[in-house]
Amino acid sequence: MKERFETIRDEALARIGATTDLKSLDEVRVAYLGRKGKVTEILRGLGQASPEERKEIGQRANTLKKELNECLDTRKNTLEEQENLEKVQSENIDISLPGRGIPPGHVHVINQISDEVLDIFSQMGFQVAVGPDVETEYYNFDALNTPDDHPARDSHDTFFVKPGVVLRTQTSPVQIRVMEQTPPPVAVVVPGRVYRVDLDATHSPMFVQMEGLLVDKNITFADLKGTLMHFLHTFFGKDIQVRFRPHFFPFTEPSAEVDILWTARDRHTGEMKSKWLEILGCGMVHPEVFKRVSYDYESYSGYAFGLGIDRIAMVRHAVSSITHLYDNDLRFLEQF
Amino acid sequence: MQISFNWLKEFIALEVTAHELAERMTMLGLEIEAITEPGKEISEVYVGQIIDIQPHPDADKLVICKTDVGDSEPLQIVCGATNMKVGDKIPTAVKGATLPGGFTIGKRKMRGVESCGMMCSTRELNLGEDHSGLMILPQDTPLGADIRKLLGLDDIVFEIEVTPNRGDWASMIGVARELAAFYGLELQLPKVEINESGEEAGSCASVSIEEENLCPRYAGRILRNVTVKPSPPWLCARLMAAGQRPINNIVDITNYILLETGHPLHAFDYEKLAENRIVVRRAQQGESITTLDGESRKLTEDMLVIADAKQAQAVAGVMGGADSEVDTQTKDILLESAYFNPRSVRATARGLGLVTEAAQHFQRGADPEIVVYAINRAATLMQELADAEVAPGILDEYPKRQEGKEIKLRYARSTQLLGVDIEPKKQQTILSDLGFVSQQSEEDFCVVLTPSWRHDVNHETDLIEEVARHYGYDDIPTTMPPIRQSDRVFAPVEKKIRALRRFLAAQGLTEIVNWSFGNGENEKKSGMTDQTEHMVMLQNPLSENYPGMRTTLLPGLYATASYNHKRGARSIQLFEMGPVYHAVDEKELPEEPFYLGIVLSGIAPEHWSEAERPVDFHDIKGFMDTVLGHLGYAVTLKQLSNSAFQEGQGAIVKIKKRQIGYIGKTALAAAKSYDLPESVFVLELNLSKLFERPMPPAQFKDIPQFPASLRDLAVVVDLSISAAELTSVIKNAGGPLLKSIDVFDVYRGNPLPENKKSIAFNLVFQSPDRTLKDKDTQKAIEKIIKKLQQQHGAELR
């Protein structure tokens with residue numbers, strides 16, 4: 001009896017060891033432990049054996065069954081691992097290949113800058129206002145204390161549409177449009193396209209400006225400085241040096257231009273160089289402007305400023321010519 | 001305006017370096033555009049005299065000169081110029097000399113003849129553009145003198161931008177006066193020394209002003225027996241440093257005085273003035289004048305002229321006439337120093353299209369009180385440099401004195417506006433240093449009279465600016481204002497536009513910004529001509545390519561796509577957001593709706609895992625669906641046929657009944673005219689119209705509690721029947737339980753007949769209050785099939 005069990009055992013273990021896949025392993029299991037398997041058959045024949053034999057056979061059969069099950073499990077694990085390994089190996093991919101999905105698009109650098117500037121002023125409490133590109137001379141000049149015979153008009157190289165109508169040369173006319181619509185206080189920033197008859201490496205006939213206007217009680221030149229310093233430090237970095245120097249605009253008094261000390265690598269020599277760059281114009285709203293919109297100059301004061309969005313985009317990104325901004329060459333647009 | 005540092009020091013005893021001065025001028029509002037040192041690179045150049053000229057043996061175009069530069073031996077110099085003769089004095093660079101541009105002069109052979117130096121033209125000395133010949137110096141120039149000193153080349157020149165309000169800064173005295181006020185220095189005006197002789201001016205000529213408003217003051221002097229000749233080097237040097245070309249001593253002196261005082265003068269040839277009379281009057285109807293530039297100009301009655309007894313001899317304040325021009329034959333001169341109305345000069349200069357130095361000075365507002373000083377300064381120099389005999393007396397017509405303005409300054413107002421407390425005493429001092437004359441001085445305010453050269457000061461706030469400038473913008477503190485907001489909203493859709501821009505870029509589109517100009521021809525080429533007849537035209541366009549303002553974004557999108565294809569881009573996906581311009585009859589200003597345009601051109605974005613394919617209609621429609629879906633709008637397309645789109649692939653985009661744009665495949669003719677490939681697709685939406693009706697906030701609907709029941713339905717229909725038509729039937733027939741309909745497959749080909757296609761839908765049925773059973777959905781499906789059969793001859797596949 002003992003030999004019979006040992007023969008079955010040796011034979012089964014040999015077959016288990018020889019299996020190479022899960023399917024043949026299962027066949028071995030069925031051949032020994034299945035309903036018609038060799039071990040099962042022995043147990044099934046127990047009824048014909050004596051009680052002593054029955055006990056011994058029972059014990060031996062159960063031991064064998066347990067041993068075979070363990071061997072089967074171990075073999076199964078091994079084979080599963082092998083199969084996984086093969087599967088993984090067969091699925092080997094090149095993870096360096098580009099992913100599937102939308103290739104990146106780009107917001108035009110002018111609008112990236114414009115949005116960033118708007119965000120800074122929005123956080124301070126300014127709201128956005130807009131006005132028309134095709135504008136009356138009244139709003140573009142007269143109401144801004146720039147009458148027809150004012151020399152300041154000469155410097156503007158204005159596009160004319162018809163008598164009394166021009167392409168706005170600045171975003172400032174929106175100051176008037178806004179103040180006409182509301183009593184003080186008012187705090188707006190105005191992004192927009194402006195136009196001048198001029199075209200070379202530093203001038204585009206269309207460019208983008210942003211105007212700012214704040215009118216309330218007790219607004220001072222010191223407030224103007226504070227607001228613009230905050231903007232410039234936020235936009236260009238805390239360490240940027242800023243200077244306000246006197247200038248002239250017909251619709252502000254006192255007026256100033258604001259420069260930053262900008263350090264950049266010289267395109268030709270490769271040396272780092274610092275120089276003062278004009279960034280914006282500003283001043284306290286002129287009493288004549290207030291008169292036009294029936295604001296009380298004695299009770300209210302205000303400041304206005306205007307900055308070239310193209311200009312600060314070019315400064316910050318070291319763009320060499322303004323023409324790049326409007327050529328719309330993808331090799332330019334995709335850099336930002 | 002170019003300001004010579006050396007010259008400036010003749011007016012004020014400056015003790016600062018040029019660098020410090022430049023800083024200070026900047027901070028006073030005198031913007032420095034450039035600082036140059038004209039003689040920086042020049043050394044070892046001396047006054048030489050040609051003592052011999054011989055032809056070159058081997059070169060027709062060269063001569064051999066012997067030039068004496070004051071050394072023991074004259075230099076032999078081979079020279080290519082032809083304008084010199086023996087005896088001429090020429091700036092001569094000797095061996096070892098350096099010249100602008102890094103030139104060094106050495107001994108060398110020219111066609112076999114040794115040359116030991118170089119005689120210079122004005123351009124070689126950085127004194128002008130003239131390179132046609134040598135610079136010939138006056139005979140009395142001292143031999144051997146260092147040219148740097150002689151011609152004032154050892155100088156520093158500040159080029160300043162004079163703002164339009166400060167006409168007074170366009171002169172040496174004006175700039176010196178500003179700096180004298182700041183540094184607390186005394187302004188030293190150049191001397192006037194005239195020895196009058198001969199007949200009284202008043203008995204040789206007369207001045208009458210007919211238009212007092214246009215010419216408040218007119219002064220004249222008579223100068224006799226002048227010698228018209230070249231000016232001395234120092235004067236030439238001053239003019240050249242200011243960027244002017246010396247002509248002759250008389251003209252040069254008037255130009256010099258203009259630089260010095262900012263006051264334009266004019267010299268008439270006295271003998272050419274009929275009856276020796278000066279009449280300041282309006283031009284007569286039909287009158288014309290030949291101006292100094294040789295042009296005959298028609299005058300109008302609103303223009304002021306300086307006339308003699310017969311005719312106009314000068315356009316007042318703009319340009320003199322050729323008939324009374326000073327030339328080398330001139331003996332006697334009537335010198336004019338006048339003050340003209342700025343507006344009148346400006347209107348005349350503009351009317352004649354004649355922008356002159358004089359007109360620019362007058363239109364900014366000259367100084368009526370400097371009239372006599374300027375004419376006396378000129379007379380002093382003419383006496384000295386042109387041997388003029390100055391007739392006694394000035395013909396000074398000044399009917400009504402031009403008074404300054406009295407302006408009140410409340411000290412507290414300065415503080416209030418500037419945000420810094422400046423002592424009243426300090427404020428007062430600043431103003432008086434600048435020439436404002438105190439009329440009244442109280443504890444909390446003062447009243448000052450503006451100086452005659454300050455036409456820009458009209459308001460209290462102008463005085464406050466003066467105080468601020470001289471107090472120093474740097475010394476005004478920085479504070480943050482509390483920002484209070486109007487309760488009005490000025491740009492309600494601005495935020496949506498900005499968000500949409502980000503969204504579009506996130507969808508893989510790249511934004512372009514085109515100029516807003518337009519061209520009717522290009523719009524025709526693009527086929528999008530809905531609004532072309534309403535194009536806003538420009539009177540003075542930049543070029544023929546941009547005669548007006550765009551009415552559509554399409555031409556710009558096509559041109560940009562084409563530009564980039566030509567530079568190698570194969571897959572183009574661009575968008576532009578911006579205004580277009582539609583003129584409206586009877587309205588002064590056009591409408592400026594804000595548009596969005598998308599163009600797809602060439603192949604779809606490539607990926608290694610997929611085959612290359614051209615973009616198609618469903619790509620552009622996908623963008624439309626995504627954009628409008630993202631914004632919450634449901635759109636419908638209505639097919640159209642127009643010249644912009646290929647037949648069968650163009651549609652109007654509608655939201656309910658409102659048309660908001662176009663979508664389609666670019667017509668082949670349009671694509672070809674822009675050099676574009678065949679597969680180009682565009683979408684143009686009027687965002688102003690889209691955002692006109694804001695979407696109401698979404699209202700929550702209960703999340704379904706019971707499972708949905710999914711059914712597929714595939715039908716075979718004629719090719720001409722659209723998915724939208726079928727969907728509409730399904731929707732109507734499906735009853736309230738049908739929640740969604742999606743196309744999931746479209747098939748053409750075997751075994752279907754050629755004119756048929758199969759379309760398959762996913763249908764979702766769901767009830768809010770129970771789990772649906774098969775028989776519920778089956779009933780709906782049967783009804784749907786029946787309706788599809790009835791209305792579109794559909795067969796179940």
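**Helix α21 and the sheet in chain B**

I started with helix α21 (residues 774–792) of chain B, which lies across β36, β37, β38 and β39 of chain B. This helix runs at about 15 degrees to β36(B). I took axes as lines fitted to C-alpha atoms, for helices over the stretch in contact, with angles from 0 to 180 degrees between N-to-C directions. Helices (H or I, at least four residues) and strands (E, at least two) are DSSP runs, numbered from the N terminus.

The model is predicted: local features need pLDDT of at least 70, side-chain atom pairs count only at pLDDT 80 or more, and totals for chains, interfaces and linings use all residues. Residues are numbered from 1 along each chain as its sequence is written, and chains are lettered from A and ligands numbered from 1 in the order in which they are written.

Next I looked up the strand order. The sheet is open, with four strands in the order β37-β38-β36-β39 (chain B) and antiparallel pairing. Two strands pair if DSSP finds at least two bridges between them. β37 (738–747) and β39 (795–796) of chain B stand at the edges with a single partner strand each, so one side of each has no neighbour in the sheet.

I then checked β36 (residues 709–718) of chain B against β39(B). Two bridges join these antiparallel strands. B:V716 stands opposite B:E795 in β39(B). Helix α20 (residues 723–733) of chain B also packs on the sheet, touching β36, β37 and β38 (756–765) of chain B. The direction of α20 makes about 150 degrees with that of β37(B).

**Where chain A meets chain B**

I found 75 residues of chain A in contact with 76 residues of chain B. Contact means C-beta atoms, placed from the backbone, within 7 Å. Which helix gives the most to the side of chain A that touches chain B? Helix α8 (residues 221–236) of chain A does, with eight residues. That side of chain A divides into 44 nonpolar, 18 polar and 13 charged residues. Ala, Val, Leu, Ile, Met, Phe, Trp, Tyr, Cys and Pro count as nonpolar, Asp, Glu, Lys and Arg as charged, and the others, Gly among them, as polar.

**Chain A overall**

I noted 12 helices and 10 strands in chain A. The radius of gyration of chain A is 43 Å, well over the 20 Å that the globule rule gives for 336 residues, so chain A is more spread out than a compact globule. The radius is taken over C-alpha atoms, and the rule is 2.2 Å times the number of residues to the power 0.38. The C-alpha atoms of chain A fill a box of roughly 130 × 50 × 40 Å along the principal axes.

Terms used: Contact = placed C-beta atoms within 7 Å.
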